[in-house]
Amino acid sequence: MAAIELRDVVKTFGAVRALDGFDLEVEAGEVHGFLGPNGSGKSTAIRLLLGLLRPDSGGATLLGGDPWRDAPTLHRRLAYVPGEVNLWPNLTGGEVIDLLGRLRGGLDQRRRADLVERFGLDPTRRCGTYSKGNRQKVALVAALASDVELYLLDEPTSGLDPLMEAEFQTWVRESRPEGSTVLLSSHILAEVEALCDRVSIIRAGRRVQSGTLADLRHHTRTTVVADTSADDETTAAALRGLAGIHHLSLERGRLVMEVESHDLAGVLRHLADLGVTSLQAHPPTLEELFLHEYGEVPT
Amino acid sequence: MNVGHAPDVQRPSAAPSSDGSAGPFTGTGQLFRLAARRDRVRLPVWLIGLTAVIGASTNALVGFYDTPVKQAGYAATVENSAVSRLMGGTPYDVDTFGGILAYEITAVAGVTVALMVIFLVTRHIRGEEESGNAELVRSAVTGRHAALAATLALASVASGLAGLLVAGVLALSGVAVGPSLLFGAGLAAIGLAFTAVAAVAAQVASTARTALGGAILVMLALFIVRGIGAVEDNWLTWLAPFGWQDEIRPFGERAQGWPLLVSIGFAAVVLALAAWLAARRDFGAGLLQARAGRPTAAGWLRTPMALAFRMQRGLLLAWGVGLVVLAAVFGAVGREVRTMIDSNPEVGQVILGQIDDVVLGYLSFVTHFMGVTVATYAVVSALRLRREEESGRADAVLAGGVSRTRWALSGIVVTAGCSALMAVAVGLGVGLTHGLVSDDMARVGPLLGAALGTLPAVWTLAAVAFALHGWVPRWTALVWLPTAWAFIQAYLGDLLDFPDGISGLSPFWHLPKVPAESFEPVAFVVLTGLALALTALGVAGLRRRDLA
Ligand SMILES: Nc1ncnc2c1ncn2[C@@H]1O[C@H](COP(=O)(O)OP(=O)(O)OP(=O)(O)O)[C@@H](O)[C@H]1O
Ligand SMILES: [Mg+2]
C-alpha cells in the first residue's frame, strides 16, 4: 500500500503556481528522497500532506486517509520536521520535545534520552537562545523520538554538522521503527544517495523524475572519452547523425561526448570501426544527474 | 588548472566615511532611511491618530471655556481635584484658554507620544534582531553605534513631528502660536526622554517583548509618580518627564524654557548609558541572560491549552500587576472626588454624564475605563493566536494530532478566562482600596460585579480579533481600530457627544454604567452572544483556509 499518494495536485498562491499538476507516490516502508531546486514546491507539498494547506484541485491520500479532512487522526501516526524550525523562545528544548511528544500521545523516555545524547543536545537551554543547528536538533529529536508510521522530514539536516548528519543517517538505517516510511526532502545529495530507496524530483511544481537512483542513472547520459586512430574528419563523419550524442568534441584523435544511456550500445558499435585505442565511459555522477534534472526542460 | 592569485581588484567600499575608514556611526544615514521606510505606514498612523484625538478634544472644548468666568470655574475645579491632578499633573494657568486646552489633552498626548517612541525603539532595536532582518544589515559596513543612532534619530523625528502637530492643533483652536509651540516642544521632550528609556530597556531585557513591557511599565510608573506628586503638591513631580513638561507652564506669565533642558539632559545621560550597554551586549540577546531551564516539561504541560497558558503567563502577570496598581490608584482617589465635583457640578456632569451620586458616577466611569483597559489586554492575548500561526509554531502543534478547532479553542479559552481573571482583579483592586480609604467595604461586592459586567464588551473586542484571524489573517491587527475607539469613547465620549451610531461602535457603550445604573441582563446576554458568534465565525474561517 502507498503511504503517500498525490495525483495531479495544483496549489496556487495568487499568481504563483507552487504545485502544478504534481504527482507523488511513496510506498509504505521505504525511504523516499524528495529533491528539487529552491522554490520548486517541496515544502508546499509537505505542508499540503499535513493538511496545513488545502489543494486547489487533485487528489491526496496519506496513510489511507484524506490529509485535509482527517488531519488530527492521521497526525497521531506521523512526525514532522518543518523546513524552517521556529520554537517557543521561552520554553527549553527539553520542554518542547516533551510537549510535542505528549500531544501525539506520549513519548518513549528511553528513545528520548538516547536521541538527546546522540545529538549532543542541551535540553535546559531556552529555544530563544539556541543556535540554528541546535533548534534544528530539537525539532529532529522531537520527531525521531516518536514511534510512528511516517516521518515527514523537510530538510531535516540543514544546519547540522557532519557528525550530527552521520547520527541522522544511522538513525534512518538502523534505529527507525520497523516498517516505517520516511519522506526526506533534502539538498544534500550524498545523504539522499546513502539513505533513499527511491527518489522523486520536482521542478517548478511538477514531478520530472521518480524511481530508484539506478533507474534515474539509466535515463541519463554516460560520458564517453575515446582515443581513435582515425583522423578527426572521418570520426566526425562516422558519428554524425547518430541518435543520442550530445556535446561532442574532437581534438587530434581525442573524442569526448555524452551519450544517452539507451543509445550507448549503438554508438559504441560505430566507435569500434574507428579503431579505438583507449576508451573510458563513466555513468553520470549524482551531481551531473541532478544538474541535468534541475536545469533542463524535460522532454 | 590555474590556482594563482586573482589580480587585485579595486573594491568599492560600501560606505566610506570621509577619512576612508569606518567610524562608530558609519552607515547611520542608510539605516535611518531604511527604518523610516519600514515605518512609512505605522508612524503616520500614530501621528494622525494623535492629531485626530487631540483635534477632536480641543474642538469640543473651544466653546466651553470662552469666557473668563467659565475659565475661573474650570481652574477652581481642577486645582482641587485629585483625579485631574493624577491624570493631568500640576495645573498651571488653567484660568487661561490655552492652559485649559493643554491641561485637558496633556495626559493623552504625553502617554501617546511616549508609547509611540517605546514601540518604535523596541521594534527597531530588538524586534529586527529577533526576526533576523537586522543581521544582513548589520553585516554590511555599519558602525558600532549606527543602528542605535539611526533608531534614535527616527524616534526624535517622530517626537518632534508629534510636538509640531499638537502645537498646530492648539494654534488652530485659537491659542497663541508661541505658547503652543512651547507646549509642543515639551511634548517632543517627553518623546525624547522615553526614547532613551526604551533604548536602555532594549539593551537590558532578554527578549524584545520583555524590553517593550519593561519600558511601558517604567513609563506608567513615572506617570503615576508625577500624578501622586501633583496630588500631594510636592517634589515627586520632578522625578518624571511628564512633570518637567508641566513646569514649562507655557500659557502664563511664568512661562520658562529651561525644563526642556532637564529632559534633554536626562535623555543624553540615559542614551549614553544605552550606548555603553549596547557595546557590552551580544547581537540578539539582552544583558540579562535567560537562566537555564527545566530539562523536561512539567507534568501539566501536555495539551494545547496548557501550552497557550504557559506562553501567556508572563503577559498575564505583567498586565495583572499594571492593572491592579492602576485600579488601586483609581480606587484610592475615589474619596477626593466628592470635593472636586461639589465645587463645580457643571463639570461633574460633563465628565460623568447625567448621574446623581457623584461618587457612584466616578466609580462607574472608572469601571468603564478599566473595562476598556482589560479589553486591551484581551486583544493582545487574542493576537497571540495569529502570532503562533505566523511564526510557524502552530504547525508543530497541528502536526501533533491536534485539530485546528482544538488549537484555536485553546487560545480562545485562555484569552477569555484570563481576561475574566483580570476583571476580577481590577474589580477587587478598585473596590478594596476604595473601601479602605472611605471606611466602607459595602461597595466591594457591587464594584466586583460591575467589573465583571464589562466582560461581554471585553470578549467582543477579543472576538473581533478571532474573526479577523479566521477570515482575513493579514488584517488581524485591524482589531486595534475598535479597541482604540472604545478608549476614545470611554475617555472623551461624553465630552465630544458623538451620535449614538458612532458611539455604539464601542461595545462598552451598550452596557449600563454600573454601579450608578443598574445591571441589564439583556445587554449582557446579547453582547456575550455576539462575542460567541464572532468567535465561532473566526473558528469556522480558520478551519477552511490555508495556514501561513
Ligand atoms: N504562503 C505562500 N504565499 C505565497 N507564495 C508561497 C507561499 N508558500 C510558498 N510560496 C511559493 O511557492 C513556491 C514553492 O515554495 P516551497 O517553499 O514549496 O519551495 P521549496 O521547494 O520548499 O524550496 P526550498 O528548497 O528553498 O525550501 C515558491 O515560489 C514560493 O515563493
Ligand atoms: Mg522548503
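Author: One term before we start: a polar contact here is a pair of N or O atoms within 3.5 Å. Keep in mind too that this is a predicted model.
Reader: Thanks! Which atom of ligand 1 does the backbone of A:G41 sit by, and at what distance?
Author: A backbone N or O atom of A:G41 is 3.0 Å from an oxygen atom of ligand 1.
Reader: What about A:E155, how far is its polar side-chain atom from a ligand 1 oxygen?
Author: That distance is 3.2 Å, from a polar side-chain atom of A:E155 to an oxygen atom of ligand 1.
Reader: How much of ligand 1 does the protein bury?
Author: Ligand 1 exposes 640 Å² when taken alone, and the protein buries 61% of that.
Reader: OK, and how many residues surround it?
Author: There are 13 residues around ligand 1, and the closest are A:G39, A:K42, A:S43, A:T44 and A:H187. By type, the shell has four nonpolar, seven polar and two charged residues.
Reader: Which element gives the largest share of that shell?
Author: Helix 1 of chain A does, with three residues. That helix spans 42-49, and both it and strand 2 (16-27) of chain A supply at least two shell residues each.
Reader: Switching to chain B: what domains does the assignment give?
Author: The assignment gives domain 1 as 25-286 and domain 2 as 301-548. Their C-alpha centres are 26 Å apart.
Reader: How many residues of each are in contact?
Author: In chain B, 21 residues of domain 1 contact 19 residues of domain 2. About 1,800 Å² is buried between these two domains, and carbon and sulfur atoms give 76% of that area. On the domain 1 side, B:T77, B:V83 and B:R209 lose the most area to domain 2, together 27% of what that side buries.
Reader: Last one, what about the area buried between chain B and chain A?
Author: It comes to about 3,100 Å², with carbon and sulfur atoms giving 54%. The contact takes 36 residues from chain B and 34 from chain A. In chain B, the residues losing the most area to chain A are B:R393, B:A399 and B:D546, together 17% of what that side buries.
Reader: Great, thanks!

Methods:
Residues numbered from 1 in each chain as written. Chains lettered and ligands numbered in written order. Predicted model: local features only at pLDDT ≥ 70, side-chain atom pairs only at ≥ 80, totals over all residues. Heavy atoms only, no water. Near = heavy atom within 4 Å. Polar contact = N/O pair within 3.5 Å; in protein donor to acceptor, adjacent residues only side chain to side chain. Areas by Shrake-Rupley, 256 points an atom, 1.4 Å probe, with all protein chains shown as cover. Helix = DSSP H or I, 4+ residues; strand = E, 2+ residues; numbered from the N terminus. Nonpolar A, V, L, I, M, F, W, Y, C, P; charged D, E, K, R; others polar. Domains from an automatic or database assignment. Contact = heavy atoms within 4.5 Å. Buried area = accessible area lost by both parts, 1.4 Å probe.
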